[in-house]
Amino acid sequence: MREYKLVVLGSGGVGKSALTVQFVQSIFVEKYDPTIEDSYRKQVEVDGQQCMLEILDTAGTEQFTAMRDLYMKNGQGFILVYSITSQATFNDLVELREQILRVKDTDKVPMALVGNKCDLEDDRVVSKQQGATLAAQWGGCTFMETSARKKINVDEAFFDLVRQINKTMPEKSTKKPEKKGKCHIL
């Protein structure tokens, strides 16, 4: 079974933990308790394939940025979360994405831009169009709005990331490569 290392990133209070717990345990966590770093494992089926997802729910607070480089290096796919009720959390993602690309040393990284709390339409500050525009600027990265509370697009965000990883990093076959040629000592 193939394993996937997914990382959930974003500012404090945008609902990273709520999204992750909703996906892994199908429950909505009401209280906000700042995360340092939590890791979850969940076996799922995506497009007929059994997958083991290792999901790293990261700290949104600045004091834990030293840990960021490490999980950016190890992560295969990233969910960048902002709250539709906070412009600042949306703006923060540009720098986060740049950091991921810098650490990964590539401009092609499986990534989803997620506007969380779409059930709070009356409190919306970031338009759907702003999210779609940013995703387009990022080379057509996946964009969707989610609600951890109402379980809207939660599974889709994680499954989409798995599909992106499958496209960019197809599973290596387990066959041993054939030896080509012989070594000659001169």
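Predicted model: local features only at pLDDT ≥ 70, side-chain atom pairs only at ≥ 80, totals over all residues.
How many bridges join strand 2 to strand 3, and do the two run parallel or antiparallel? Ten bridges join them, and the two strands run antiparallel.

The protein chain contains five helices and six strands. Followed along the sequence, these elements give the pattern β-α-β-β-α-β-α-β-α-β-α. Of the 186 residues in the protein chain, 45% are buried. When contacts between residues at least 6 apart in sequence are considered, 72% of them join residues at least 24 apart.

The six strands form an open sheet with the order 2-3-1-4-5-6 and mixed pairing. Its edges are strand 2 (37-46) and strand 6 (142-145), each of which pairs on one side only. From one strand to the next, the twist averages 25°.

Strand 3 takes part in two pairings that can be described in detail. With strand 2 it forms a hairpin that has two residues between the strands. In the turn of this hairpin, D47 has a positive phi of about 50°. Within the antiparallel pairing of strands 2 and 3, D38 has D57 of strand 3 as its bridge partner. The other pairing is with strand 1: residues 2-10 of strand 1 and residues 49-58 of strand 3 run parallel and are joined by seven bridges. Here V7 stands opposite L56 of strand 3. In a regular strand, side chains alternate between the two faces of the sheet.

Helix 3, comprising residues 87-104, lies across strand 1, strand 4 (77-83) and strand 5 (111-116). Relative to strand 4, helix 3 runs at about 165°.

Helix 1 is mostly covered, with eight of its ten residues buried. These buried residues are K16, A18, L19, T20, V21, Q22, F23 and V24. The elements that cover them include strand 1, strand 2, strand 3, strand 4, strand 5 and helix 5. After helix 1 comes S26, which has a positive phi near 55°.

Because its relative accessible area is 0%, T20 is buried. Beyond its neighbours within four places in sequence, T20 is in contact with V8, Y40, I55, D57 and F158. Among these contacts, D57 is also the strand 3 residue that is the bridge partner of D38.

Helix 5 covers residues 154-168, a length of 15 residues. From its first C-alpha to its last, helix 5 reaches 22 Å, close to the 21 Å expected at 1.5 Å a residue. Its buried residues are V154, A157, F158, F159, D160, L161, V162, Q164 and I165.

A pair of aromatic rings is described by the distance of the centres and the angle of the planes. In the whole structure, a search finds three aromatic pairs. One of them is formed by F23 and F158, and this pair is stacked because the ring centres are 4.2 Å apart and the planes stand at 15°. The pair links distant parts of the chain, since F23 belongs to helix 1 and F158 to helix 5, 135 residues apart. F23 and F158 are both buried. F23 also forms an edge-to-face pair with F159, at 5.9 Å centre to centre and with 80° between the planes. F23 lies in helix 1 and F159 in helix 5, so this pair ties together parts that are 136 residues apart in sequence. F23, F158 and F159 form one aromatic cluster. F23 counts as buried because its relative accessibility is 1%.

The cysteines remain to be considered. A disulfide is a covalent bond between the sulfur atoms of two cysteines. The structure has zero disulfides when sulfur atoms must lie within 2.5 Å. C51 counts as buried because its relative accessibility is 1%. C118, with a relative accessible area of 16%, is likewise buried, because the limit is under 20%.

Note on methods
Residues numbered from 1 in each chain as written. Heavy atoms only, no water. Buried < 20%, exposed > 50% of the residue type's maximum accessible area, 1.4 Å probe, protein only. Pairing = 2+ DSSP bridges. Helix = DSSP H or I, 4+ residues; strand = E, 2+ residues; numbered from the N terminus. Axes fitted to C-alpha atoms, helices over the stretch in contact; angles between N-to-C directions. Contact = heavy atoms within 4.5 Å. Expected span 1.5 Å × (residues − 1). Phe/Tyr/Trp six-rings, centres within 6.5 Å; stacked < 30°, edge-to-face > 60°.
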